[in-house]
Every structure is written in C-alpha cells, then in structure tokens.
Amino acid sequence: YSSAASDVYKRQIGMLLEYVKRYEKSSIITSILMLIVSILLILMPETILNSIVVLLGIAALLDGILHSISYIITDKEMKAFSNELFFGILEIMTSGLLFLFKANIINIFPVIIGIWIIIAGVTKFQLAFNLRGIDSKWIVVLLSSIISIILGVLIILNPFSTVMTITVISGIILFITEICNLIESAYLLIKLK
C-alpha cells in the first residue's frame with residue numbers, strides 16, 4: 001500500500017512539474033509580446049495607443065486560442081492541474097471587449113494594463129504555492145508574483161496627472177514586470193530540467 005501511494009504521489013508531482021514547464025514556456029511567449037507593447041508605449045504613447053489596443057486584442061485572442069487548444073490536447077490526468085481553459089476563455093472575451101469598445105478603452109488603457117499585471121501576478125502566486133514543498137524554487141515565483149501585484153495596483157491607483165503620463169509609466173512598469181517574468185520563467189525552466 002505504501003509503495004502504491006508513493007508511486008501515485010511521484011506521478012502527481014511529475015505531472016505538476018510538467019504543467020509548470022508548459023506554463024512557463026507559454027509565459028515566455030506572452031512576456032515577449034508584452035515587452036514589445038511596453039516599449040511602444042514608452043516611445044510613442046500618443047501615436048501608438050490606438051494601434052496598441054488593436055494589437056492587444058489580437059494578442060489576447062491568439063493567446064486565448066492557444067490556452068484553449070492546450071487544454072483540449074492535455075491528457076485527462078493533467079487537466080486536474082490545468083487552468084488553461086479558464087485563461088483561454090478569459091482572454092478571448094477580453095479580446096472581444098477590446099475590439100467592441102476601442103475608443104473608451106484608450107482612456108482607461110493604463111487600468112487595463114494594471115489589471116493584466118495583477119492577474120498575471122495572482123496566477124504566479126498560485127503557481128508558487130503549488131510548487132511549495134515540491135521544489136525550493138517556489139520562493140522565486142512567489143517574489144515575482146508579489147512584485148507584479150504591487151506594480152499592477154500602483155498603475156490602477158493612478159497617482160499621475162494625465163493619460164499620456166500614466167500610459168508612459170504603465171509602459172515602464174509593464175516592461176519591468178515582463179522582464180521579471182522572463183527571468184523567472186527561464187530560471188524555472190532551467191532548474192526543472
């Protein structure tokens with residue numbers, strides 16, 4: 001009985017670590033896209049804001065489709081650990097809202113960036129606790145998630161005066177957050193090999 005329970009536990013740990021690897025690979029792609037967005041926001045806030053909303057809509061749609069496909073092709077046992085379908089549907093819905101309310105969204109664009117950063121931070125926070133007790137690297141994920149959440153809240157509280165100022169600052173914060181995410185994802189992928 002003890003040996004059978006141990007085998008089940010090892011298999012579950014293996015599935016969780018495999019899920020973390022897949023999640024981090026997907027996270028790297030999203031971070032690269034968001035880094036491009038952040039650089040454009042910093043360099044050309046007025047000119048690019050309208051285009052960025054469209055690009056974000058397309059990025060959210062594509063990422064949502066990828067998450068949904070990932071859930072569909074995931075093994076039945078792995079689906080217990082997966083939140084891919086939830087994020088897929090959430091991103092597809094977000095994409096639709098971006099296209100439907102583009103003019104209004106430009107005015108609240110910094111808040112949307114803040115919410116994006118917070119959601120990513122909360123997801124990493126959950127992932128950190130899933131890894132706790134399995135791998136010592138969970139602290140890195142936890143710290144990255146807390147930094148993301150704090151920066152996202154800072155954007156939403158909007159202590160700045162104009163939309164363009166907050167847009168540039170949002171771009172800078174988004175850039176910092178995505179660099180942290182890339183470093184953390186690369187670190188985990190290397191350590192979990």
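## The model and its confidence

The structure is a predicted model, and its confidence should be kept in mind while reading what follows. The mean pLDDT of the protein is 81, and 93% of its residues reach 70 or more. Among the helices, confidence is lowest in H1, where the mean is 79, and highest in helix H3, covering residues 84-100, where the value is 90.

## Overall fold

The protein has 7 helices and 0 strands, and from the N terminus on its elements run α-α-α-α-α-α-α. The radius of gyration of the protein is 18 Å, which is close to the 16 Å given by the globule rule for 193 residues, so the protein is as compact as a globular protein of that length. Taken along the principal axes, the box that its C-alpha atoms fill is roughly 65 × 30 × 25 Å.

Of the 193 residues in the protein, 41% are buried. When contacts with a separation of 6 or more are considered, 78% of them are between residues 24 or more positions apart.

## Helix H2 and its kink

Helix H2 takes in residues 45-73, which makes 29 residues, and the distance from its first C-alpha to its last is 39 Å, close to the 42 Å expected at 1.5 Å a residue. The helix also has a kink of about 35 degrees, and this kink is centred on Ser51.

Although Ser51 and Lys102 are 51 residues apart in sequence, their C-alpha atoms are 9.8 Å apart in space.

The buried residues of H5 include Phe109, Ile113, Ile117, Gly121, Lys124, Leu127 and Leu131. After H5 comes Gly133, whose phi is positive, near 85 degrees.

Helix H6 has 20 residues and reaches 29 Å from its first C-alpha to its last, close to the 28 Å expected at 1.5 Å a residue. Among the residues buried in H6 are Trp138, Val141, Leu142, Ser145, Ser148, Leu151 and Ile155. Leu157, which also lies in H6, is by contrast exposed, with a relative accessibility of 64%. Leu157 is 49 residues from Ile108 in sequence, and the two are 12 Å apart in space from C-alpha to C-alpha.

## The nonpolar cores

In soluble globular proteins, nonpolar side chains tend to be buried together. Which members of the largest nonpolar core touch the most other members? Of the 19 residues in this core, they are Leu41, Ile52, Leu56, Phe109 and Ile113. Helices H1, H2, H4, H5, H6 and H7 each supply at least two residues of this core, and H2 gives the most, with 5 residues.

Ser185 lies in helix H7 and is buried, with a relative accessible area of 0%. Which residues does Ser185 touch, not counting those up to four places away in sequence? They are Glu24, Ser27, Ile28 and Lys124, and Lys124 is itself one of the buried residues of H5.

Ile39 lies in helix H1 and counts as partly exposed, at 38% relative accessibility. Ile39 and Glu18 are 21 residues apart along the chain, and their C-alpha atoms are separated by 32 Å.

Note on methods: Residues numbered from 1 in each chain as written. Predicted model: local features only at pLDDT ≥ 70, side-chain atom pairs only at ≥ 80, totals over all residues. Heavy atoms only, no water. Helix = DSSP H or I, 4+ residues; strand = E, 2+ residues; numbered from the N terminus. Expected span 1.5 Å × (residues − 1). Bend = angle between axes of the 7 residues up to and from the residue. Core = buried A, V, L, I, M, F, W, Y, C linked by side-chain atoms within 4.5 Å. Buried < 20%, exposed > 50% of the residue type's maximum accessible area, 1.4 Å probe, protein only. pLDDT = per-residue confidence, 0-100. Rg over C-alpha atoms; globule rule 2.2 N^0.38 Å. Contact = heavy atoms within 4.5 Å.
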